[in-house]
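Here's a friendly walk through one protein model. Have a look at it first, and then we'll go through its parts.

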Amino acid sequence: MIHIKKILINLSTKSLLEDVKDYIKNNKCCSIYPNCSHPKTQSDINLLNDERFKELKEEIISKLLQTFKNEKSMNINLMCWAYWQEKGNGIQEHKWHDHLMENKENQVSFIIYLTSTNLGTLFLDENKDKYLLVPDLGKMYVWDSKYLHSPDVGKINEDRIIIAGSFGF
């Protein structure tokens, strides 16, 4: 069974959605885009280094440190990106992946849904049992980075915009 923490998060930035869309358009996933395996509307891993997301970065780090305050964390590594699936598009098949980082003993991944969506995230545990995370706005979902997960398959009725990341400590 997969344990997923649900953490209330403050998303007070009024221009957050437009800023995220702009960031994705101008900061492609990687140096070999579009000849890579990443989704074509995913940003690079430096989202939170952009000045527009300073408050969001502070909120995410604060919540993660509060949640894992009993852990000894001297060297923190935080990667964060955004993904935008446009209205009317669909996901035809699961794209299973994890967010494991090298050289980090403790690692968690997170996702924040910025828009309401009819598609959640599907997880696969060690026994290959599946668990569907039903999205809730204003929450950050956190889990052990070792677990495979994928956006659920189907067609979306509205833009699906998420922020995701990995936190190593």
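Strand β5, covering residues 121–124, pairs with β8 in the antiparallel sense, over four bridges. One of those spots to look for is L124, whose bridge partner in β8 is L148. Keep in mind as you look around that this is a predicted model.

How many aromatic pairs does the count come to? The count is four. Take Y113 and Y141: they form an edge-to-face pair, 6.2 Å centre to centre with 75° between the planes. This pair links distant parts of the chain, since Y113 is in strand β4 and Y141 is in strand β7, 28 residues apart. Both Y113 and Y141 are buried.

Then there's F123 with W143, also an edge-to-face pair, at 4.8 Å centre to centre and 80° between the planes. F123 belongs to strand β5 and W143 to strand β7, so the pair ties together parts 20 residues apart in sequence. F123 counts as buried at 0% relative accessibility, and W143 is buried too, at 2%. Ring pairs also bring in Y131, making a cluster of F123, Y131 and W143.

## A buried serine

Now find S109, in strand β4. Is S109 buried or exposed? It's buried, because its relative accessible area is 0% and buried means under 20%. The S109 side chain makes a polar contact with the side chain of S145, at 2.8 Å. Leaving aside neighbours within four places in sequence, S109 is in contact with several residues, including H99, Y141, W143 and G165.

## The nonpolar cores

The largest nonpolar core has 26 residues, and V20, I60, L64 and M140 have the most contacts inside it. Several elements supply at least two residues each, among them α1 (16–26), α2 (54–67) and β10 (160–168). The largest share, four residues, comes from α1.

Beyond its neighbours within four places in sequence, V20 is in contact with F53, A82, L114, I161 and I163. Apart from this core lies another one, of 14 residues, including I91, I111, Y147 and A164.

Note on methods. Residues numbered from 1 in each chain as written. Predicted model: local features only at pLDDT ≥ 70, side-chain atom pairs only at ≥ 80, totals over all residues. Heavy atoms only, no water. Core = buried A, V, L, I, M, F, W, Y, C linked by side-chain atoms within 4.5 Å. Buried < 20%, exposed > 50% of the residue type's maximum accessible area, 1.4 Å probe, protein only. Contact = heavy atoms within 4.5 Å. Pairing = 2+ DSSP bridges. Polar contact = N/O pair within 3.5 Å; in protein donor to acceptor, adjacent residues only side chain to side chain. Phe/Tyr/Trp six-rings, centres within 6.5 Å; stacked < 30°, edge-to-face > 60°.
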